[in-house]
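Subject: Structure handover

Hello,

Here is the structure for you to look over. Please open it alongside this note.

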Amino acid sequence: MKQAFPGLWKASLAVGDVDNDGKVDILVSGYNDHVVDTGGNHLETPTLRLYVNDGTGRFAEKSVALFSDYGVALGAVRFADVDGDGDLDAIAAGEGVTADGKAVPKSTLFANTNAYFVANRRPNAPTGLAATVGTADSVRLSWNEAIDADPGTNKTPFHTYALRAGTFPGRGNIRSGAEPVGRGTIGYMTHATIRGLADGVYYWSVQAVDNGLARSEWAPEQSFVIDTKPPRVARLRGDTLSVGLDRVINVAIDFDDALTGVDTLSTIDVTLSLVGQPSVQVTKLRWDPGDVWFGQASIPTGSFLFEPVRVRVRNVRDIRGNVLADTTFATRLVFTAAQRIAREEGGTITNSAGTISLYVPPRSFDREVGISLAQPDSASLPAGPGPGLSLAVEFTPDVAVGTLAVPAVLTMKYGASPRVARGAVVASNLHIFRLDGSTWTYIGGLADDATKTISVPVNHLGTYALFEASGNVTDATLGDLACTPRVFSPGTTQGYSDKTVIAFTVSTADAGNSATISIFNTAGRLVREMAPSIVAGANSIAWNGTDDGGSIAPSGMYIVAVKVGGVEKRQTVVILNKYARP
């Protein structure tokens, strides 16, 4: 369908919905003729005309008396809501003509303050935002057509759209979303594709712009992930494969995929190749949080401990479907008997050198659990928060156990470290850290430089190491006091711990001062008093059940009182001497 309009010379045109009916109207300005006399004077007048869309695609001129004296040519006309009152104003700038025919520059703003135009309200923000990630570095973003606040305007297409996308919430460093006055740069489409994106998390939103150039609020921000890299094998737990008494090989592998995570529902293939033996399939036991895969296999007949083993990992994929290339790494077999910890009795696990022990109190687990102790090579672990003392340990259960119901006590003896022998260690800076994924988390502990030991309660099994570093501790006032275990037997040989660990936290302001630890019997008599130096964060001090004279206290209940500054906390413990050595 064609429609002829009266021609104009040297004209300019603008479009916008001036009457807010959802249809685009036209504003045009220029010379209505092109005649000048011999002196160069214009014999015609610039005119400014408004054509209103009647809804059928045809336009009719609307008479606006104000326009008759303000036409321009060789310039531009534009619509914009200059005064922000919800309706379109008009701007005309260019060449005008004086009464005597002289061409002069002219700029005029026509504020819509009368009944010529209808006020426009902002459209609602688009809904139904969805992101479809391509197979490589692209994403298709889509949304529903916006609903306008004004009746009669919700005909498609009516809105144009602006898009914002960035690598941080509210940021537009990929697509800024900042646009000049006018229609949205996406146009009338309700989708857009962005290509060439690097791996990472992205945040995006869209905004609707109606034909009256009113803009909606930004839609609630959404996110998507570009992930083109496959997961990787972070490490084999420990630098060896532990073999139990039943000649079962325990395999624990840490995978890493920071963006989408490993697909734990896929069938991962792990095999072992031993010297002179056919490949052995490793059967999956479980996945643990943090993308840790556990499996078991039996040692073939004729295999020997400490001989080389090659571990092959295949068919590992992340949630996005990126597949890890077949990975093979070398290790060796060592003998590590898993110790059974009964629910009601608890127990202690100790390495062969006696430098690391874990006391597990009764009822820490809800069932009997087998725990293997392995000491990984420091080179196989992520870099620590400070110098290490070559004391690292991994406790691996044969079933998933989660958080211990009663904290265990981890003790490390660091006297044999070469750095200690050189006098290069400051005992007050020694602390125990737990490995969470690839990050070391501060646990605490207070070193006893006389005995060269450090103890700390732990709520989880896993990997722990001793570093000379304060860690990132959390400021706190004196926290809840915990004594682990609550029942102990000094000098015991029958399963009970021979000490209790008194654990508490202090604020940074208290660090470097002393705590007062007072232990009373039920008659209120002071049995033992200690004043250890304290550090910011977690502190732990062992009490071996002796009084101030060095004698073992009688069986019975005792009150442990810890005071830091003006705050005091109390806890009770019980000594059972019937389990002590004769």
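Below are the pockets first, then the aromatic contacts.

Please keep in mind that this is a predicted model.

**Largest pocket**

The largest pocket holds about 900 Å³ of space. Its lining counts 42 residues, and Thr411, Thr453, Ser455, Lys499 and Ala542 are the closest to the centre. Several strands each supply at least two lining residues, among them E24 (347-350), E28 (408-413), E32 (453-458) and E39 (537-543). Strand E39 gives the most, with four residues. By class, the lining of this pocket has 20 polar, 17 nonpolar and five charged residues.

**Second largest pocket**

The second largest pocket has a volume of about 660 Å³. It is lined by 30 residues. Nearest its centre lie Arg237, Pro289, Val292, Leu435 and Leu461. Strands E14 (232-236), E16 (248-256), E20 (292-298), E27 (388-397) and E29 (430-436) give two or more residues each to this lining. The lining divides into 13 nonpolar, nine polar and eight charged residues. Two domains contribute: domain 3 (232-335) and domain 4 (339-575) each provide at least three residues of the lining.

**Aromatic pairs**

How many aromatic pairs are there? The count comes to nine.

Take Trp143 and Trp204. They form a tilted pair, 6.4 Å centre to centre, with 50° between the planes. Trp143 lies in the loop between strand E9 (139-142) and strand E10 (160-166), and Trp204 lies in strand E12 (200-209), so the pair ties together parts that are 61 residues apart in sequence. Are these two side chains buried or exposed? Trp143 counts as buried because its relative accessible area is 4%, under the 20% cut-off. Trp204 is buried too, at 0%.

Phe255 and Trp287 make another tilted pair, at 5.8 Å centre to centre and 45° between the planes. Phe255 sits in strand E16 and Trp287 in strand E19 (283-288), so this pair links distant parts of the chain, 32 residues apart. Both Phe255 and Trp287 are buried.

There is also a cluster: ring pairs link Phe433, Trp440, Tyr442 and Phe467.

**Charges over rings**

Two arginines are worth a look on screen. Arg164 lies over the face of Trp218, at 4.8 Å from the ring centre. Arg286 has its charged end over the ring of Phe294, 4.1 Å from the centre of that ring.

Best wishes

Methods. Residues are numbered from 1 along each chain as its sequence is written. This is a predicted model: local features need pLDDT of at least 70, side-chain atom pairs count only at pLDDT 80 or more; totals for chains, interfaces and linings use all residues. Side-chain values use heavy atoms; hydrogens and water are left out. On a 1 Å grid over the protein atoms alone, a cavity is a set of points where a 1.4 Å probe fits but cannot get out, and a pocket is an open set with protein on both sides within 12 Å along at least five of seven lines; lining residues have an atom within 4 Å of a point. Grid points are joined across faces, edges and corners, and a volume is the space filled by probe spheres set on the points. Ala, Val, Leu, Ile, Met, Phe, Trp, Tyr, Cys and Pro count as nonpolar, Asp, Glu, Lys and Arg as charged, and the others, Gly among them, as polar. Domain bounds come from an automatic or database domain assignment. Rings of Phe, Tyr and Trp (its six-membered ring) pair if their centres lie within 6.5 Å; planes under 30 degrees apart count as stacked, over 60 as edge-to-face and the rest as tilted. Buried means under 20% relative accessible area, exposed over 50%, partly exposed in between (1.4 Å probe, protein chains only). A charge sits over a ring if NZ of Lys or CZ of Arg is within 6 Å of the ring centre and within 35 degrees of the ring normal.
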